[in-house]
Amino acid sequence: MDDPVIAESPRTADSSHPEDEGLRRKLSPRQLTMIAIGGAIGVGLFLGSSVTIELAGPGVIVSYILGALVAMVVAYSLAEMAVVHPVAGSFGVYAETYLNRWAGFTVRVTYGLVQIIAIGAEVTAVAIEVGFWVPGIPAWRWGCLVSLGLVIVNALQVGNFGEFEYWFALIKVVAIIIFIAVGVALIAGLGPWPAIGLANLTQHGGFLPHGWRGVWLALTLALTSYMGVEVIAVTAGEAQDPQTSIPRAMRTIVFRLIIFYVCAITVMLAMTPWNQSGSAAVSGSPFVRAFGTVGIPFASSIMNVVVISAALSSANTNLYLSTRMLFSLSRSRHAPVWLGRLSRNGVPHRALAISTGGMIAAILLAIFAAKNAFLLLYGTAVAGMFFVWIVILITHLGFRRKLSVEAVARLPLRLPAHPVFSVLGIAALGAIAVSTFFVEGLKYTLPTFAVFLAIMSVIYWTDRWKAAS
């Protein structure tokens, strides 16, 4: 018998029965949680924090707290809808169901493209960090090696992929916990080293060396560090018992991310003067430099291994996400049918092949524009993710309008004070997106995305016109 919440909800052909998609429900709750952490905790924390620190100084701590609040609204909104529609297309299906087909098409194409770009950013980050040990080897060679490994892992049965990602993500979770613990010991003087104290948070221009303006501008990139909480909704089509596992995983991931990001950034800034941690050139991780500064033997090398594993884990998850979005587009007939075909082990292998385009772009950028490749890729994906999150929250407003009061009461996880937080989230995301015009390296992200959105719309309406004629 169907769940009463699910039974009364509108459905599309793409979302009627997840099993009809052909995907296999092999992802356990513990794997779901770690996959989400793997997608969210990547270079945004370990490498991209160089840019946010440069913009805000120690005030970047406030930026990450504000980003966490917005991420929590999006996460809870998604959890509500994912329980009702546990399908691979996730918010693309929700947008098509509760808004219109154009929204469902554009949000899926955008998210797939963003993840492909993000793969390139993560692969480029690996090349940057490997240069910490072997600076003489060209970055494109590492890009080729990493790309090959990621494709092999994603071609495995989804259960094997989930197990691989679980342990990969666990490495960086444990590393962050150890980093925070060691950092607190160094700050408090609990060991052979003298106490560092908290002076670095208030010296060198104060806690807000660039004022509240710097805190707000840093939020444009700090917020992208949390862009990964939507992973759990995308994995819903392959999750075991999604009605219980998705809410549980979403609650867990949001609070863990807040603790990891805010605590790790605070400890790192307390250990190292902020004007030595940030670097607009993004030439290395401030976490690696923090351990190098305090003089712990081999700590920098160990942390560098963690940064590389974080980038690999995040790239692995991004490849999974882009593949499932292309698969969803195909199954809803927004993309060629052949993209939705599955291999014998239940993997959309043709969609996987298309998704490798981001890694190829990363290798080319590593050859021809190695110095700025990471920031170029990372910045290009920012506007697209703002669009995706805004569509998610608008969709959630439509979703709640369609459900009865009784159905809302039966949801296992709910966003409180509806619709206040959804509306505030949309307004905040819009304002943050506009702020990219004032951040070096992000000035052209909105105009570029506007062109991309226009092209997507032309393709969509052309296809609709052909189908109708």
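Figure 1. Ala-417 is placed in the loop between helix 19 and helix 20, where helices are DSSP runs of H or I with at least four residues, strands are runs of E with at least two, and both are numbered from the N terminus. This is a predicted model, in which local features need pLDDT of at least 70, side-chain atom pairs count only at pLDDT 80 or more, and totals for chains, interfaces and linings use all residues. Residues are numbered from 1 along each chain as its sequence is written, and side-chain values use heavy atoms, with hydrogens and water left out. The phi of Ala-417 is positive, near 55°, in a residue other than glycine. Ala-417 is partly exposed, with a relative accessible area of 45%; buried means under 20%, exposed over 50%, and partly exposed in between, for a 1.4 Å probe and protein chains only. His-418 and Pro-419 are joined by a cis peptide bond with omega about 5°. Pro-419 lies in the loop between helix 19 (405-410) and helix 20 (420-435). Most residues other than glycine have a negative phi, and most peptide bonds are trans.

**Figure 2. The positive phi of His-204.** His-204 is found in the loop between helix 9 (158-188) and helix 10. Although His-204 is not a glycine, its phi is positive, about 60°. With a relative accessible area of 35%, His-204 is partly exposed.

**Figure 3. The crossing of helix 5 and helix 10.** Two packed helices are described by the angle between their axes and the distance between the axes. The axes of helix 5 (residues 60-84) and helix 10 (residues 211-222) come within 8 Å and cross at roughly 50°. Helix 5 is therefore oblique to helix 10. Axes are lines fitted to C-alpha atoms, for helices over the stretch in contact, and angles run from 0 to 180 degrees between N-to-C directions. Angles under 35 degrees count as roughly parallel, over 145 as roughly antiparallel, 65 to 115 as roughly perpendicular and the rest as oblique. The contact (heavy atoms within 4.5 Å) involves Val-60, Val-62, Ser-63, Tyr-64, Leu-66 and Gly-67 of helix 5, together with Trp-212, Val-215, Ala-218, Leu-219 and Ala-222 of helix 10.

Figure 4. Helix 4 (residues 49-56) is mostly covered, with 7 of its 8 residues buried. The buried residues are Ser-49, Ser-50, Val-51, Thr-52, Ile-53, Leu-55 and Ala-56. Ser-50 has 0% relative accessibility and so counts as buried. The C-alpha atom of Ser-50 is separated by 9.5 Å from that of Trp-274, 224 residues apart along the chain. Helix 4 is followed by Gly-57, whose phi is positive, near 65°.

**Figure 5. Thr-395 in helix 18.** Thr-395 lies in helix 18 (residues 373-402). With a relative accessible area of 1%, Thr-395 is buried. Not counting residues up to four places away in sequence, Thr-395 touches Met-81, Tyr-94, Ala-95, Tyr-98 and Leu-99.

**Figure 6. The span of helix 21.** Helix 21 (residues 445-468) has 24 residues and reaches 34 Å from its first C-alpha to its last, close to the 34 Å expected at 1.5 Å a residue. The expected span is 1.5 Å times one less than the number of residues. Among the residues of helix 21, Thr-445, Phe-449, Leu-453, Met-456, Ser-457 and Tyr-460 are buried.
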